[in-house]
Amino acid sequence: MYVEMRRINKTFDGFQASKDVNFGVQKGHLAALLGPSGSGKTTILRMIAGLDRPDSGDILINGNRVNDIPGSKRGIGFVFQNYALFRYMTVADNIAFGLEVQKKNKKEIKDRVEELLELVSMQDLGKRYPHQLSGGQRQRVAFARALAPDPQLLLLDEPFAAIDAKVRRELRTWLKEMIGRVGVTSIFVTHDQEEAVEVADTIIITNQGRIEQIGTPEEVCRHPQTEFVADFVDAERFEALMAVRRVE
Ligand SMILES: Nc1ncnc2c1ncn2[C@@H]1O[C@H](COP(=O)(O)OP(=O)(O)O)[C@@H](O)[C@H]1O
Ligand SMILES: [Mg+2]
């Protein structure tokens, strides 16, 4: 396992947001944390990223316990739901940000930014500002910015939530392909079953701070192991999606 959460508990002002959370994600895999709003998905990502500390339990990355290692030293890229691009910086400067922090030299930064602009098919848009881009383009910049320092682990918190439905579909296919191409281990948060089914190798279902079930999209949709999962997952919608895939 590249990432492991072991017996993680986390309380905010007496409210338990994570309850004995255990799961692992294999190297190179894309896992989705899927569950209703308030079920503890973001809390899990923030602890992996080092933005919050668990009260108990161990977080392992590549076999090392990272609880006491600052987030900036964990080799993680983070994509937030609301883009969180720097508004007064160009696309190229946004992508360069993490490299500047690492004090890479100018030539190295320039080359890497060009490489990433190409990766996300935005070669000609490096000089634009975020407000001059569409929602989909902004999220592609956020993705490029997160990847710039070459993280070993990419965390994405509802990356498509602010994007309209049609573009969202295109973007998630794009994201899956990109992540596959880069080969970075990724954990992605969503409350949308269809999104999780289309994108993820593994789905981790969250409910009230607990993990209800872990499995492939097919396993959790066709063989729910708890009443909650049976209720939460729409099996018909899954079968419809599979039928569309067979046609395509
Ligand atoms: N910093 C915080 N302070 C107090 N409560 C929090 C904090 N962060 C999260 N919570 C609570 O923990 C629960 C889980 O939140 P979150 O992990 O954001 O859920 P999700 O991402 O699944 O919507 C929610 O009830 C939320 O109100
Ligand atoms: Mg959340």
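Colleague: Which element gives the most to the shell around ligand 1?

Modeller: In this predicted model, the answer is H1, with 3 residues.

Colleague: What makes a residue part of the surroundings of ligand 1, and which residues surround ligand 1?

Modeller: A residue counts if one of its heavy atoms lies within 4 Å of the molecule. The residues around ligand 1 are Phe12, Phe15, Ala17, Pro36, Ser37, Gly38, Ser39, Gly40, Lys41, Thr42 and Thr43. By class, this shell holds 4 nonpolar, 6 polar and 1 charged residues.

Colleague: What makes the pairing of Thr43 with ligand 1 a polar contact?

Modeller: A polar side-chain atom of Thr43 lies 2.5 Å from an oxygen atom of ligand 1. The limit for a pair of N or O atoms is 3.5 Å, and the pair is within it, so the term polar contact applies. Lys41 is judged in this way too: an N or O atom of its side chain is 2.8 Å from an oxygen atom of the ligand. For Gly38, a polar backbone atom is 2.7 Å from an oxygen atom of ligand 1.

Colleague: How much of ligand 1 does the protein cover, and which elements give two or more residues to its shell?

Modeller: On its own, ligand 1 has 560 Å² of accessible area, of which the protein covers 61%. The elements in question are strand E2 (15–25) and helix H1 (41–49).

Colleague: Why are H4 and H5 called roughly parallel?

Modeller: The axes of H4 (residues 135–147) and H5 (residues 165–182) cross at roughly 20° and come within 11 Å. Angles under 35 degrees count as roughly parallel, and H4 and H5 therefore qualify. H4 passes H5 in a right-handed crossing.

Colleague: How do you know which term describes H2 and H4?

Modeller: Their axes come within 7 Å and cross at roughly 30°. That angle is under 35 degrees, so H2 is roughly parallel to H4. The crossing of H2 and H4 is right-handed.

Notes. Residues are numbered from 1 along each chain as its sequence is written. Chains are lettered from A and ligands numbered from 1 in the order in which they are written. This is a predicted model: local features need pLDDT of at least 70, side-chain atom pairs count only at pLDDT 80 or more; totals for chains, interfaces and linings use all residues. Side-chain values use heavy atoms; hydrogens and water are left out. A polar contact is a pair of N or O atoms within 3.5 Å; within protein, one must be able to donate a hydrogen and the other to accept it, and residues adjacent in sequence count only if both atoms are side-chain atoms. Accessible areas come from the Shrake-Rupley method with a 1.4 Å probe; for residues, only the protein chains shown count as cover. Helices (H or I, at least four residues) and strands (E, at least two) are DSSP runs, numbered from the N terminus. Ala, Val, Leu, Ile, Met, Phe, Trp, Tyr, Cys and Pro count as nonpolar, Asp, Glu, Lys and Arg as charged, and the others, Gly among them, as polar. Axes are lines fitted to C-alpha atoms, for helices over the stretch in contact, and angles run from 0 to 180 degrees between N-to-C directions. Angles under 35 degrees count as roughly parallel, over 145 as roughly antiparallel, 65 to 115 as roughly perpendicular and the rest as oblique. A crossing is left-handed if the near helix is turned anticlockwise from the far one by less than a right angle, and right-handed if clockwise.
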